[in-house]
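User: I'm new to this one and would like to know what the labels really rest on. Can you take me through it?

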Amino acid sequence: MRSVWFCGTGKFAARCLARLASCGVSFELVVTQPPTRRGRGMKELPSPLEEKAVDLGLPVARTLRLNGDEELQSRLSACPPDVMLVVDFGQMIRRPWLDGPRAGCLNIHPSLLPKWRGAAPVRRALMNGDQTVGVTVFSLTEGMDSGPILLQEAMPLGPDDDAGMLLDKLADRGSELLASRLESFCAGGETLQPQDDREATFAPKIDKGECRLDAGESASRLACLVRALSPDIGAWFEFRGQRVKVWKAAPVEARTVPEGHMAFQGGNLLIGTSCGALRLDLVQPAGKKPLEGVSWAQGLRLEGAEIL
């Protein structure tokens, strides 16, 4: 049985760890970042990966900066694993970690590399209106998501898929692909394909300024933004001085709602845009729970088209 270390932090990493374990992969050690304060009450909470590792009964080591962690580096040197999986970790991996494990380090990345290198590949793909997404298993190098590819598989975008749904699907499929070839990779029986850097596009973290719904854009583009920011960040607009997040929306043909206005027409709550209208299916006014757009509209008592 191969010795495997897993480094990660977030929900994507936790999902991959669980799926890999269900595929029969055993882990000698799970490495994650220390607890952070988050959520209501700003309580100090362990990372999603640590929570999953504890559920699975796996040993956990915490490190704020892996590249400078002398204790873990000593453990790596004394008894290197066959391979280290680095997924959704939030830290750049340098030497000696890159070449410390016998077969090196592998990553599961939720895009069709070299497209969408970086921290937010699924969100950027949805914002861009991509109709196909995918997952890549590749060998880590010092460049950002630029290492040679072991496995890659495309996945069509479902009509209701948002970022959260896609990340779960891609975590599961990427883990299955990796598990199917892990033994062969560790034994040196795989040929990896280099990436073409000329084809690279990049996926930086989402900036707060990108989350506001701008009625000057088309309804289709705004619907893509809603999908990209669901179910956690949330695209938003302001109405009657109140911020309203939108969790589900769809573009429709409606020429009677002026751009930058909101109206209740034909049983739908609509925002007029530069091209078509955005139907608000699930919204969340500030301080309230999510509710259907129609239900919220009934409480607003809109009179005609009201400006945002």
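User: What makes Leu 113 count as buried or exposed?

Analyst: This is a predicted model, and in it Leu 113 has a relative accessible area of 3%. Buried means under 20%, so Leu 113 is buried. Its place is the loop between E7 and H4. Not counting residues up to four places away in sequence, Leu 113 touches Thr 136, Phe 138, Asp 145, Ile 149, Gln 152 and Gln 195.

User: Where does the label "binding site" come from?

Analyst: From the UniProt record, an unreviewed entry, which puts that feature at Ser 111, Leu 112, Leu 113 and Pro 114.

User: How do you know whether Ser 111 is buried or exposed?

Analyst: Ser 111 comes out at 3% relative accessibility. With the cut-off for buried at under 20%, Ser 111 therefore counts as buried. You'll find Ser 111 in the loop between strand E7 (105–109) and helix H4 (121–127). Leaving aside neighbours within four places in sequence, the residues in contact with Ser 111 are Trp 116, Pro 121, Gly 134, Val 135 and Thr 136.

User: What does the side chain of Ser 111 reach, and what makes that a polar contact?

Analyst: It reaches the backbone oxygen of Lys 115 at 2.6 Å. A polar contact needs a pair of N or O atoms within 3.5 Å, one able to donate a hydrogen and the other to accept it, so the pair at 2.6 Å qualifies.

User: What makes you say both faces of strand E2 are covered?

Analyst: In a regular strand, side chains alternate between the two faces of the sheet. In E2 (residues 29–32), Leu 29 and Val 31 are on one side, Val 30 and Thr 32 are on the other, and all are buried.

User: Why is E2 said to pair with E1 and E5?

Analyst: Pairing takes at least two bridges. Three bridges join E1 (residues 4–8) to E2, so that's a pair, and the two run parallel. Three bridges also join E2 to E5 (residues 60–62), again parallel, so that's a pair as well.

User: What do E1, helix H1 and E2 make together?

Analyst: A right-handed β-α-β unit, with H1 covering residues 11–22. Right-handed means that, with the strands pointing away from you, the path from the first strand over the helix to the second runs clockwise.

User: How much of the chain counts as buried?

Analyst: Of its 308 residues, 48%. The chain has seven helices and 16 strands.

Terms used. Residues are numbered from 1 along each chain as its sequence is written. This is a predicted model: local features need pLDDT of at least 70, side-chain atom pairs count only at pLDDT 80 or more; totals for chains, interfaces and linings use all residues. Side-chain values use heavy atoms; hydrogens and water are left out. Buried means under 20% relative accessible area, exposed over 50%, partly exposed in between (1.4 Å probe, protein chains only). Helices (H or I, at least four residues) and strands (E, at least two) are DSSP runs, numbered from the N terminus. UniProt positions are given in the numbering used here, feature names are shortened, and annotations may be inferred rather than shown by experiment. Contact means heavy atoms within 4.5 Å.
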